[in-house]
Amino acid sequence: MTITALQRLVSGEFMAGHSQIIGSAMIFRLSKFMRAGMFDESLPACIDRDINIRLSSLPGINYAGL
C-alpha cells in the first residue's frame, strides 16, 4: 500500500467533474467533521461532495490517497 503526499483540499475540484475522494471511503477527525456541519441528510444526492466542499473551506484540512 502506498500513501501519496498530503495535499490541500480545494473546493473547485469537487465542483468540476468527479473527485477521487468519496465520502464513504474517508477517515477524518470527528471534531473536523462536526466543524464542517456533518452530513446534510436532507440532500437527495451528492452528500459526499457537499461535505467535501464544506471540509475544504476549513483551515488545515489536507488529504492523502492510498
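Reader: How many salt bridges does a search of the whole structure find?

Author: The search finds 1 salt bridge. This is a predicted model, in which local features need pLDDT of at least 70, side-chain atom pairs count only at pLDDT 80 or more, and totals for chains, interfaces and linings use all residues. Residues are numbered from 1 along each chain as its sequence is written, and side-chain values use heavy atoms, with hydrogens and water left out.

Reader: What makes the contact of Asp50 and Arg54 a salt bridge?

Author: The term requires a side-chain nitrogen of Lys or Arg within 4 Å of a carboxyl oxygen of Asp or Glu. The side chains of Asp50 and Arg54 meet at 2.6 Å, N to O, and therefore qualify. Both residues belong to helix H3 (residues 47-56), where they stand 4 residues apart, about one turn of the helix. Helices are DSSP runs of H or I with at least four residues, and strands are runs of E with at least two, numbered from the N terminus.

Reader: Why is Arg54 called partly exposed?

Author: Its relative accessibility is 23%, so Arg54 counts as partly exposed. Buried means under 20% relative accessible area, exposed over 50%, and partly exposed in between (1.4 Å probe, protein chains only).

Reader: What share of the chain is buried?

Author: Buried residues account for 20% of the 66 residues.

Reader: Which elements does the chain contain, and in what order do they run?

Author: The chain has 3 helices and 2 strands, and from the N terminus their order is β-α-α-α-β.
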